[in-house]
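Subject: Structure for your study

Dear colleague,

Please find the structure below, followed by an account of what was found in it.

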Amino acid sequence: MTVPADASMINPVALFMTADWVVKVVMIGLGIASLWSWTVIIDKAVRFTTLNRQATAFEHEVASGRPLEEIANRAGPEPEHALPRMLVIAVTDWREARKGGTLTEGQGNMLMARIDRALDATIAREGQRIEEGLGVLSVVATASPFIGLFGTVWGIMNAFDAIASAGNTNLTTVAPAIAEALFATAIGLAAAIPAYIAYNKFSIDAGKFTGRLESFADDLQAAVARRLGGPTAPAATPAVDTSPRRGL
């Protein structure tokens, strides 16, 4: 005769309350890891949405044909977003270099090298900043299934112990330990799967945003190079290429 299953076996709260203390620790740890990863996921989703929206608005402003010097002045000395900050760096270096008058070829090359290094440093720092927190998602995604598996193994061991103590293998003897073991596995997967998906998505988003910064840096350097190679004018500000090639 089959023994009816206890309703508490499918109740998460009851499973947690009746679980062995080791399995409880595993469940609590996985719950904290899941909460931590979701905090990072929400923060990154909001941050990437904001960064890309601001970048698009700034690119449209640059493409409007307004003087870059005016745009840089409106951005202020230390813009928060990377794109206007890069423009301010390039315009500031250009102004400083032109204070002494017309640049020689060597001075022009030095100016280009200085701008290139400054823009590369800005891109590197911004790349590190937008990738902060992805390590948390990576750890949760890779470690949670194994931590949950540890809870599962411990629960199975408890089931065998119950069998040995009771001297039989009926459902009422092994079901509680098996249920808590499988519940630990489920919590581990529930923590790992969103973290894994989010880690891959945000890694791709970070790479795309870094590529966007690199494209803007290339356009700025090309604008300076064109200005250096063309007719000179005191303290003139180079114009960024607004062709559809880079969407600027």
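Contact here means heavy atoms within 4.5 Å. The model is predicted, with local features needing pLDDT of at least 70, side-chain atom pairs counting only at pLDDT 80 or more, and totals for chains, interfaces and linings using all residues. Residues are numbered from 1 along each chain as its sequence is written, and side-chain values use heavy atoms, leaving out hydrogens and water.

The protein has 7 helices and 0 strands, where helices (H or I, at least four residues) and strands (E, at least two) are DSSP runs numbered from the N terminus. Of its 248 residues, 37% are buried, that is, under 20% relative accessible area with a 1.4 Å probe, protein chains only. Among contacts with a separation of 6 or more, 75% join residues 24 or more positions apart.

Two packed helices are described by the angle between their axes and the distance between the axes. Helix H4 (residues 82-98) packs against helix H5 (residues 105-130) at an angle of about 160°, and their axes are 10 Å apart. Axes are lines fitted to C-alpha atoms, for helices over the stretch in contact, and angles run from 0 to 180 degrees between N-to-C directions. H4 and H5 are therefore roughly antiparallel, the term for angles over 145 degrees.

Which residues of H4 meet H5? They include Ala 82, Met 86, Ile 89 and Trp 94, while those on the H5 side include Leu 111, Ile 115, Leu 119 and Glu 126.

With kind regards

Methods. Parallel < 35°, antiparallel > 145°, perpendicular 65-115°, else oblique. Buried < 20%, exposed > 50% of the residue type's maximum accessible area, 1.4 Å probe, protein only.
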